[in-house]
Amino acid sequence: MGGRRQKPEDFTVVPDWIDYPSNVAFKLHEIVSHQDCMDSAVSDFQRTGITIRDCRAFAVRSCPEFEPEAFGLLSRLLQKPVLPVGLLPPTMQETASGDEKWQVFKDWLDNKKEKSVIYVALGTEVTLSQKLMHELAYGLEKSGFSFIWVVKNRPLVEGEMGPHLIPKGFEDLVSGRSLVWRDWAPQLRILAHPSVGGFLTHGWSSVIEALGLGRVLILLSGASSDTGLVARLMHSKRVGLEIERNEQDGSFTSESVAESIRRVMVSPEGDTLRANAWAMREVFGNVDLHNKYLNEFTHFIESETASTRSV
């Protein structure tokens, strides 16, 4: 709000007010893409800054058990209550619909070895160009791993019409070893299956689901939103690796996809990542912990509402 960060390049370094070691900053292509989507008169950053300045409390979908330094910093910076609402992990009961579709996945996964399958889903926040979708496809194939890839059939991809979001004949190429799925998928149940070892994704909700089940992450950041920041944070926490993208234009190659998958899933380097991700179940999968934070947040809202009415 003070105007110190204006140019896109200003956002590619960790801000000086973060007083602990951090790698969480935008890549140039991410911040350029993000700023291109903003209202030129009032930016998203201004809207957020005004909201934070004028609010009475600040709620965060996280918890001190995972980000102790961040909660301490926010409390000092904002000088107002900073309230964790927990990670809000979904439960299997909440996602138990679609039994017919789940049976298709279960039958397929039951025939695979333990932790041998990569689940791939990029969610709804960011879509890739057709060219990058093809690079991702061939990277998955080159990795040598079996995978389930949930591909949303969207007519518009990063401003371009794409008749073939994945390469023509790709499904035949990987048939038997892998599964390309063009519909809604029961993500949590798939991730919980013992044959799934890793998750290629980028969104915060998907990261929460994966670490709640101890699945190691292969992170493909999006061109905008907060997915790049999430990827950097998970990379620094050593629970996964971020697929390398060109910092200027966001491009990546099939080789970088394949190499990242192999490093995470089978390399000696990946031993630590897999162990750390598995240990994260104690935080991300702790429903009682997150319900406690949610109850505390509810009590705060109730007390604030009561005090406002009494004035």
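**Reading contacts in a predicted model**

Mentor: Leucine 88 is found in the loop between E2 and helix H4 (99–109). Keep in mind that this is a predicted model.

Trainee: What phi does leucine 88 have?

Mentor: Leucine 88 has a positive phi of about 50 degrees, although it is not a glycine. With a relative accessibility of 38%, leucine 88 counts as partly exposed.

Trainee: Which phi does glutamine 79 have, and where is its place?

Mentor: Glutamine 79 is not a glycine either, and its phi is positive, at about 55 degrees. The residue sits in the loop between H3 and strand E2 (82–84). Glutamine 79 is exposed, its relative accessible area being 64%, since exposed means over 50%.

Trainee: Now the rings. By what is a pair of aromatic rings described?

Mentor: Two values are used: the distance of the centres and the angle of the planes. Rings pair if their centres lie within 6.5 Å, and this rule gives nine aromatic pairs. One of them joins phenylalanine 147 and phenylalanine 170, with 6.3 Å from centre to centre and 20 degrees between the planes. That pair is stacked, because planes under 30 degrees apart count as stacked.

Trainee: Which parts does the pair of phenylalanine 147 and phenylalanine 170 tie together?

Mentor: Phenylalanine 147 belongs to strand E4 (residues 146–150) and phenylalanine 170 to helix H6 (residues 170–174), so the contact ties together parts 23 residues apart in sequence. Phenylalanine 147 counts as buried, at 1% relative accessibility. Phenylalanine 170 is also buried, at 1%.

Trainee: How are the planes of tryptophan 204 and phenylalanine 284 set?

Mentor: Their planes are at 80 degrees and their ring centres 6.3 Å apart, so this pair is edge-to-face. It links distant parts of the chain, with tryptophan 204 in helix H8 (residues 204–212) and phenylalanine 284 in helix H12 (residues 281–284), 80 residues apart. Tryptophan 204 is buried at a relative accessible area of 17%, and phenylalanine 284 is buried at 0%.

Trainee: Which residues form one aromatic cluster?

Mentor: Tyr138, Phe147, Trp149 and Phe170 do.

Trainee: Which charged end sits over the ring of tryptophan 278?

Mentor: That of arginine 281, at 3.7 Å from the ring centre. Another case is lysine 237, which lies over the face of phenylalanine 66, 4.9 Å from the ring centre.

Trainee: Are aspartate 16 and arginine 4 buried or exposed?

Mentor: Aspartate 16 is exposed, and arginine 4 is exposed too. Now take arginine 177 and glutamate 141, whose side chains form a salt bridge at 3.9 Å, N to O. Here arginine 177 lies in the loop between H6 and strand E7 (179–181) and glutamate 141 in helix H5 (residues 130–143), 36 residues apart, so the bridge links distant parts of the chain. Arginine 177 is partly exposed, with a relative accessible area of 26%. Glutamate 141 counts as partly exposed at 26%.

Trainee: Where do glutamate 259 and arginine 262 lie?

Mentor: Both are in helix H10 (residues 254–265), three residues apart, about one turn of the helix. Glutamate 259 is partly exposed, at a relative accessible area of 39%, and arginine 262 counts as partly exposed at 27%. Elsewhere, salt bridges that share partners join Glu30, Arg232 and Glu242 into one network.

Trainee: By what are two packed helices described?

Mentor: By the angle between their axes and the distance between the axes. For H5 and H10, the axes come within 7 Å and cross at roughly 40 degrees. The two helices are therefore oblique to each other.

Trainee: Is the crossing of H5 and H10 left-handed or right-handed?

Mentor: The crossing of H5 and H10 is right-handed.

How values were computed:
Residues are numbered from 1 along each chain as its sequence is written. This is a predicted model: local features need pLDDT of at least 70, side-chain atom pairs count only at pLDDT 80 or more; totals for chains, interfaces and linings use all residues. Side-chain values use heavy atoms; hydrogens and water are left out. Rings of Phe, Tyr and Trp (its six-membered ring) pair if their centres lie within 6.5 Å; planes under 30 degrees apart count as stacked, over 60 as edge-to-face and the rest as tilted. Helices (H or I, at least four residues) and strands (E, at least two) are DSSP runs, numbered from the N terminus. Buried means under 20% relative accessible area, exposed over 50%, partly exposed in between (1.4 Å probe, protein chains only). A charge sits over a ring if NZ of Lys or CZ of Arg is within 6 Å of the ring centre and within 35 degrees of the ring normal. A salt bridge is a side-chain nitrogen of Lys or Arg within 4 Å of a carboxyl oxygen of Asp or Glu. Axes are lines fitted to C-alpha atoms, for helices over the stretch in contact, and angles run from 0 to 180 degrees between N-to-C directions. Angles under 35 degrees count as roughly parallel, over 145 as roughly antiparallel, 65 to 115 as roughly perpendicular and the rest as oblique. A crossing is left-handed if the near helix is turned anticlockwise from the far one by less than a right angle, and right-handed if clockwise.
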